[in-house]
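Welcome! Please take a moment with the sequence and the model before reading on.

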Amino acid sequence: MRLDGRRQSSNVSDRRGSIGRKAGIGGGIIGILVVAAITLFSGGSIGDVINNVVQQGDFTQLVSAQPSRELDAEDQRLFDLASKVLAGTEDVWTREFSRRGWGEYECPKMVIYSGSVNSGCGRGTSQMGPFYCSADETVYIDLDFFRDMESTIGAGGDFAYAYVIAHEVGHHVQHLLGTLDKAHSAMAGMSERESNRMSVRLELQADFFAGVWAHQDNEMFGSLEPGDAERAIAAASKIGDDYLQRKATGREVPDSFNHGRSAQRVAWLKKGLDTGDVILGDTFSPAYEAL
């Protein structure tokens, strides 16, 4: 991904300092590190993490502290990447809100932290992965998640990391448009099955918005390089509920899906990438089976 010469966002708060990491080791088939990271990578809430961990079966979490380390050149590179990608989302969505007549785009904040952090949605930890909190309109990221992406879900590369950020910003866009709050209010009165289906619709739209951002960012800045789209699509293919459940248990439980199948996530991300047209991202009107 080409980011040289790009501006950095002024909405980033660096709360790192020396980094002390914790390793989560789960019993059973899949550990809490994988469950939590994938859940929040996919736009889930801290409550989703708890629910998803329970769904994976009983296990004991063993947490071991590792020595603190000083920030290195790669930490700085990833910080610059995150800041420039956030700036790119600001540019794209500010222009998009203006030309669609949606009012002024209110840029989200981003907090870069290490270990743990207090957010408007509760306390987050590095084991939970990136997440968006609508209560304080902030994206939270421990950049060590990017270091671990390849080993955890077999996905790496700067554009795959950018996709993570753009997906979370996609939830912010949903929040500004009222979609997020409306969906969450509706989910409160639904059965678990229907609530999960509504969650899938939210997640697929956030994937689509990430694709729209990438398309338009490339138009504005020529940011995409050969292979970038394939890396993001590869990442999306490995965070589908079906893929993760088969990997964890050898079977699927479709009624428990709350982020979408791999094929759905890839399709909606690719649709955004290919068209760049935000109006085509209605994941709420089609029949669920047609998503």
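## About the model

This is a predicted model, in which local features need pLDDT of at least 70 and side-chain atom pairs count only at pLDDT 80 or more, while totals for chains, interfaces and linings use all residues. Residues are numbered from 1 along each chain as its sequence is written, and side-chain values use heavy atoms, with hydrogens and water left out.

## Overall make-up

The protein has 10 helices and eight strands. Helices (H or I, at least four residues) and strands (E, at least two) are DSSP runs, numbered from the N terminus. Of its 291 residues, 52% are buried, where buried means under 20% relative accessible area, exposed over 50%, and partly exposed in between (1.4 Å probe, protein chains only).

## The sheet

Four strands make an open, mixed sheet in the order S1-S4-S8-S7; two strands pair if DSSP finds at least two bridges between them. At the edges are S1 (12–15) and S7 (131–133), each pairing on one side only. From one strand to the next, the twist averages 20 degrees.

S4 (residues 109–113) and S8 (residues 138–141) run parallel, joined by four bridges. Valine 111 has tyrosine 140 in S8 as its bridge partner.

## Two nonpolar cores

A nonpolar core is a set of buried Ala, Val, Leu, Ile, Met, Phe, Trp, Tyr and Cys residues joined through side-chain atoms within 4.5 Å. The largest one has 59 residues, and Trp93, Met110, Phe146, Met149, Phe159 and Trp213 have the most contacts inside it. A second, separate core has six residues, among them Val111, Tyr113, Phe131 and Tyr140.

## Where H3 meets H7

Helix H3 (residues 73–100) packs against helix H7 (residues 192–221) at an angle of about 95 degrees, with the axes 9 Å apart. This makes H3 roughly perpendicular to H7, a label for angles of 65 to 115 degrees (under 35 is roughly parallel, over 145 roughly antiparallel, the rest oblique). Axes are lines fitted to C-alpha atoms, for helices over the stretch in contact, and angles run from 0 to 180 degrees between N-to-C directions.

Which residues does methionine 220 touch, not counting residues up to four places away in sequence? They are Asp91, Val92 and Arg95, a contact being heavy atoms within 4.5 Å. Methionine 220 belongs to H7 and is partly exposed, with a relative accessible area of 31%.
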